[in-house]
Amino acid sequence: MTIPLHVLVTGATGRTGAIVVQKLQQRPGEFIVQGFARSEAKVRELFGTTDGFYLGDICNPDGLKVALEGCDALVILTSAIPQMKAPPQPGQRPEFIYPEGGTPEQVDYQGQVNQIDAARAAGVKHIVLVGSMGGTHEQHPLNRMANGNILIWKRRAEADLIKSGIDYTIIRSGGLQDQPGGQRELLVGKDDEWLAHPPEGIPTAIPRSDVAEVVVQALRAPSARNKAFDLISKPADTPGAVVTEDFHALFEQTTPGL
Ligand code: NAP
């Protein structure tokens, strides 16, 4: 008999986080899921109820402490969210800012460190963290956005997670797409190799739903433990592509360390 894993998902009202919560809810024998979100209204809008959710801010460690009590695993799906300053003038690029208290340093670094620290204190055994490719490229356009260095701060938090001694799975995804999952061959890599040498004919992108499935599979797969990897997908119509169903084989291709 499988003992259900008790999992907390932060960023539960985010576009990928909500899919992870739904996927875990659909496997009640395998997982007991709680979501962590900062907006009660958004939880109600997406899930119709606040049952199974903790309301809080990852910048406030007290709320995390309560939410992580009794958890076996934590899924981190929070992220700083840039806002457009004003609609761009014709022919001009839009300008972005981060809201007060919501900079990448505050959310993607300190907020993630708060989650890691609270998880360690609660005796959590495994953290699955979804980040982004590009953290080795200081000049990446996302780092320049509002001078937030978002990918740099995310990568620093990933390094702290590895140092924490808690089992980790770090998934650095390519550009996220709102497209159906389960229809593509997934590819794993490391160290932004695909940004330096783009794979021919394969955009460095992946549906959010496929990332969410990799998160769910990683929670159960020993071969996903203590691994960090980049993740993209072949376009659905790629000739010869084989839809990924064997996640153990996928995780076997990944490696430990940042
Ligand atoms: P998203 O929709 O932007 O969700 C981010 C979540 O973080 C939201 O639920 C937000 O809450 C929550 N959050 C932010 N600050 C918080 C705080 N202080 N306390 C509590 N919650 C907070 O994320 P996504 O687009 O699914 O992306 C998932 C991950 O993949 C992110 O790490 C992202 O950087 C990374 N990624 C994105 C792309 C891309 O193309 N967008 C590419 C590669 C990797 P609210 O719901 O209340 O706003």
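In this predicted model, a polar backbone atom of I58 sits 3.0 Å from a nitrogen atom of the ligand, a polar contact being a pair of N or O atoms within 3.5 Å. Side chains take part as well. K42 places an N or O atom of its side chain 2.7 Å from an oxygen atom of the ligand, and a polar side-chain atom of K154 is found 2.9 Å from a ligand oxygen atom. On its own the ligand has 920 Å² of accessible area, of which the protein covers 87% (Shrake-Rupley method, 1.4 Å probe).

The ligand takes up the space of the largest pocket. Here a pocket is an open set of points, on a 1 Å grid over the protein atoms alone, where a 1.4 Å probe fits and protein lies on both sides within 12 Å along at least five of seven lines; a molecule sits in a pocket if more than half of its atoms lie within 2 Å of its grid points.

Around the ligand are 25 residues, with T13, T16, K42, D57 and R208 coming nearest (near means a heavy atom within 4 Å). This shell holds seven nonpolar, 12 polar and six charged residues, with Gly counted as polar.

As for the whole fold, the protein has nine helices and 12 strands, taken as DSSP runs (helices H or I, at least four residues; strands E, at least two). The C-alpha trace spans about 55 × 45 × 35 Å along its principal axes.

Residues are numbered from 1 along each chain as its sequence is written. Local features of this predicted model need pLDDT of at least 70, side-chain atom pairs count only at pLDDT 80 or more, and totals for chains, interfaces and linings use all residues, while side-chain values use heavy atoms, without hydrogens and water.

Conventions
A polar contact is a pair of N or O atoms within 3.5 Å; within protein, one must be able to donate a hydrogen and the other to accept it, and residues adjacent in sequence count only if both atoms are side-chain atoms. On a 1 Å grid over the protein atoms alone, a cavity is a set of points where a 1.4 Å probe fits but cannot get out, and a pocket is an open set with protein on both sides within 12 Å along at least five of seven lines; lining residues have an atom within 4 Å of a point.
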